[in-house]
Amino acid sequence: MKYFFQILVLSILMGCGATKLKQINADGIPKASEVSNESVVVPPTDTKSTSSTESPKTTNSKSPTSKLQFSDDIRIKGILNFLASDELEGRDSGSEGIEKAAQFIEGIFTQNKIAPYFDSYRDTLSNFSKPSYNIVGWVEGNDTALKNEFILIGAHYDHIGRIEPEGGDSIANGANDNATGTTTVLELARYFGNAKTNKRSIIFALFSAEEKGLLGSKHLAEKLKAQNIDLYLVLNYEMVGVPLVDKEYLTFVSGYEKSNLAQICNTYAGQELVGFLPTAKKFNLFQRSDNYPFFETFNIPAHTFCTFDFTNFNHYHKVGDEANLMDFEHMAYLVNQFIPVVEGVANASRKEIKYN
């Protein structure tokens with residue numbers, strides 16, 4: 001998330017220490033091959049205590065009750081604990097750790113009927129020196145005409161790897177940044193891969209090398225443009241692991257004023273799901289995440305959803321960005337609220353999201 005929040009200087013707090021993958025497996029959290037379209041079940045013995053150095057859980061003014069109960073906190077925890085484990089060593093682009101994350105994502109895609117968009121799930125980056133891949137799958141639309149229009153749902157799955165040690169810990173696990181966005185995309189993919197309720201086609205893309213300058217999304221945008229596909233909309237997820245505090249909406253969207261996306265989202269959600277954060281406009285966050293290359297290349301509505309408002313998380317690009325600081329119930333609620341939004345946009349008779 002280097003480019004999403006490069007202006008912001010956050011205070012440094014003591015890291016909590018990452019959970020080892022072998023401990024996660026012992027607790028019943030799955031390997032990639034074990035994650036299916038069923039909820040992950042953690043045995044009752046999973047009673048790991050919370051570190052006293054954790055940031056307190058924050059709550060939104062909205063009560064987290066959802067009519068749709070597709071995703072849940074247990075499954076969210078299982079996915080996120082793997083992606084942010086020490087075994088992945090911070091998921092630096094081109095590393096062995098991010099290769100494990102890529103295989104994990106491919107496993108979830110395969111198990112949930114997400115077809116490879118290209119010859120395989122891997123879109124090899126040509127603009128980065130180390131071997132790096134976007135992981136790209138899709139669910140074809142079920143309407144004869146509308147299936148030729150595409151919606152892309154994305155998040156970056158890389159982070160910054162190892163950094164200067166703090167308290168003996170050098171792994172920047174990147175739980176909030178951006179295992180949370182990755183988990184959100186994987187859960188949305190799981191829903192549509194099995195439900196097949198979308199009239200328009202949906203591409204699910206997990207980007208590499210975002211931390212190197214949005215290189216993964218730039219590469220994919222140019223590649224899709226060369227294919228001349230009818231890309232209608234991009235919905236990107238970035239740092240959605242902790243709730244906003246004292247806001248009337250669940251998430252803000254970058255470039256709020258640039259289109260009617262927020263209004264359309266709120267209509268389908270039946271609540272004020274998406275709002276305007278003045279700080280996002282002040283820092284021009286619209287240009288600082290993986291939505292932007294698609295806006296530049298296609299000139300289409302392309303936005304990023306986020307629940308980090310510069311006050312509710314203190315571990316940006318630090319070793320303290322650990323999975324045990326994430327609010328799994330909040331994340332499951334967010335996924336469940338966005339399912340009818342994506343479904344509504346995918347099934348509308350016209351392209352209703354327009355730039356202002």
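1. Helices (H or I, at least four residues) and strands (E, at least two) are DSSP runs, numbered from the N terminus. This is a predicted model, in which local features need pLDDT of at least 70 and side-chain atom pairs count only at pLDDT 80 or more, while totals for chains, interfaces and linings use all residues. Residues are numbered from 1 along each chain as its sequence is written, and side-chain values use heavy atoms, with hydrogens and water left out.

2. Strand β4 covers residues 149–156, and eight of the eight are buried, so the strand is largely enclosed by the rest of the structure. Buried means under 20% relative accessible area, exposed over 50%, and partly exposed in between (1.4 Å probe, protein chains only). In a regular strand the side chains alternate between the two faces of the sheet. Here Glu149, Ile151, Ile153 and Ala155 point one way, and Phe150, Leu152, Gly154 and His156 point the other way. All of these residues are buried, Glu149 and His156 included.

3. Two strands pair if DSSP finds at least two bridges between them. β4 runs parallel to β8 (residues 230–237), with six bridges joining them; isoleucine 153 stands opposite leucine 235 of β8. β4 also pairs with β7 (residues 201–207), again in the parallel sense, over seven bridges. On that side phenylalanine 150 stands opposite serine 201.

4. Strand β3 is mostly covered, with five of its seven residues buried. Its pairing with β7 is antiparallel and has five bridges, and valine 139 stands opposite isoleucine 202 of β7. β7 therefore has β3 as an antiparallel partner and β4 as a parallel one, with pairing defined by the DSSP bridge count.

5. Strand β1 (residues 115–116) is joined to β3 by two bridges, and proline 116 has glycine 137 as its bridge partner. β2 is joined to β3 by three bridges, and arginine 122 has isoleucine 135 as its bridge partner.

6. Helix α5 (residues 215–226) has twelve residues and reaches 17 Å from its first C-alpha to its last, close to the 16 Å expected at 1.5 Å a residue. The expected span is 1.5 Å times one less than the number of residues. The buried residues of α5 are Leu215, Gly216, Ser217, His219, Leu220, Ala221 and Leu224. Their cover includes β2 (122–124), β3 (133–139), β4, β7 and α8 (292–298), where contact means heavy atoms within 4.5 Å. Just after the helix, asparagine 228 takes a positive phi of about 60°.

7. Some backbone values deserve a look. Most residues other than glycine have a negative phi, and most peptide bonds are trans. The bond joining aspartate 177 and asparagine 178 is cis, with omega about 0°. Asparagine 178 lies in helix α4 (residues 175–195).

8. Which non-glycine residue has a positive phi of about 65°? That residue is lysine 113, in the loop between α3 (96–111) and β1. Lysine 113 is partly exposed, at a relative accessible area of 48%.

9. Histidine 317 also has a positive phi, of about 55°, although it is not a glycine. Its place is in the loop between β11 (302–306) and α9 (328–347). Is histidine 317 buried or exposed? Histidine 317 is buried, with a relative accessible area of 16%.
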